[in-house]
Amino acid sequence: MYKSLTNVALLENEWIGPGLIGTIEFESDGQYIFQGALIPTTERLFVNLEKSEGGVANHQINYTDISIVTIERRALSGKILNFWIDDRVEVSMNVTSEKDLKKFMEFYRKHRAHALKFEKMRYGKTFQI
């Protein structure tokens, strides 16, 4: 299943955090909308996408490459979580569970702050639209 990282070699002191499952917008092999999971670790973010022919495609994004995270509130589709690299959205996910999103973001903020060497500073809230 796309929620696990069984085929990924984790670093020595790296562990997996709470993931999110849902519909992901991400460009991969000419396709843009997938069922999949966002899985944070203590070192990086994994984007696991269900392939149409079966199996899972794993993509990783280093925390230092992510410039900002935004959460959009949309009337008909709920919340959309966006990960930006430079000035463009690299990954978007339609989030259905507020509880799962909160756990995911707490883990992500803590470990991204550590990756950016901000662990002694309080990492601010995600920008909400």
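A residue is called buried when its relative accessible area is under 20%, and F104, at 0% relative accessibility, therefore counts as buried in this predicted model.

**Figure 1. Overview of the predicted chain and its secondary structure.** The chain contains one helix and eight strands, arranged along the sequence in the pattern β-β-β-β-β-β-β-α-β. Of the 129 residues in the chain, 40% are buried, and the accessible surface comes to about 8,000 Å², with 51% of that surface belonging to carbon and sulfur atoms. When the contacts between residues at least 6 apart in sequence are considered, 45% of these join residues that are at least 24 apart.

**Figure 2. The aromatic pair formed by Y63 and Y108.** The structure holds three aromatic pairs. In the pair shown here, the ring centres of Y63 and Y108 are 5.4 Å apart and the ring planes stand at 80°, so the arrangement is edge-to-face. The pair links distant parts of the chain, since Y63 is placed in the loop between β4 (56-62) and β5 (68-74), whereas Y108 belongs to helix α1 (residues 98-115), 45 residues apart. Both Y63 and Y108 are buried.

**Figure 3. The aromatic pair formed by F83 and F104.** The centres of the two rings lie 6.3 Å apart with their planes at 80°, and because planes over 60 degrees apart count as edge-to-face, the pair of F83 and F104 is assigned to that class. F83 sits in strand β6 (residues 78-85) and F104 in helix α1, so the pair ties together parts of the chain that are 21 residues apart in sequence. F83, with a relative accessibility of 1%, counts as buried, and F104 is likewise buried, at 0%. Together with Y63 and Y108, the residues F83 and F104 form one aromatic cluster.

**Figure 4. The nonpolar core around F83 and F104.** In soluble globular proteins, nonpolar side chains tend to be buried together. The largest nonpolar core here has 24 residues, and those with the most contacts inside this core are L38, L81, F83 and F104. At least two residues of the core are supplied by each of β1 (20-28), β2 (31-40), β3 (44-50), β5, β6, β7 (88-95) and α1, and α1 gives the most, with five residues. If neighbours within four places in sequence are left aside, the contacts of F83 include L38, L45, I66, I68 and V69, as well as R88, E90, F104 and Y108.

**Figure 5. T42 in the loop between β2 and β3.** Although T42 is placed in a loop, this residue has a relative accessibility of 4% and therefore counts as buried. Beyond its neighbours within four places in sequence, T42 is in contact with N13, E14 and W15, and also with Y63, F107 and H111. Y63, one of these contacts of T42, is also a member of the aromatic cluster.

**Figure 6. S52 in the loop between β3 and β4.** At 63% relative accessibility, S52 counts as exposed. The side chain of S52 makes a polar contact with the side chain of E53, at 3.2 Å. S52 and Q35, which are 17 residues apart in sequence, have their C-alpha atoms 9.7 Å apart in space.

Technical notes
Residues numbered from 1 in each chain as written. Predicted model: local features only at pLDDT ≥ 70, side-chain atom pairs only at ≥ 80, totals over all residues. Heavy atoms only, no water. Phe/Tyr/Trp six-rings, centres within 6.5 Å; stacked < 30°, edge-to-face > 60°. Helix = DSSP H or I, 4+ residues; strand = E, 2+ residues; numbered from the N terminus. Buried < 20%, exposed > 50% of the residue type's maximum accessible area, 1.4 Å probe, protein only. Core = buried A, V, L, I, M, F, W, Y, C linked by side-chain atoms within 4.5 Å. Contact = heavy atoms within 4.5 Å. Polar contact = N/O pair within 3.5 Å; in protein donor to acceptor, adjacent residues only side chain to side chain. Areas by Shrake-Rupley, 256 points an atom, 1.4 Å probe, with all protein chains shown as cover.
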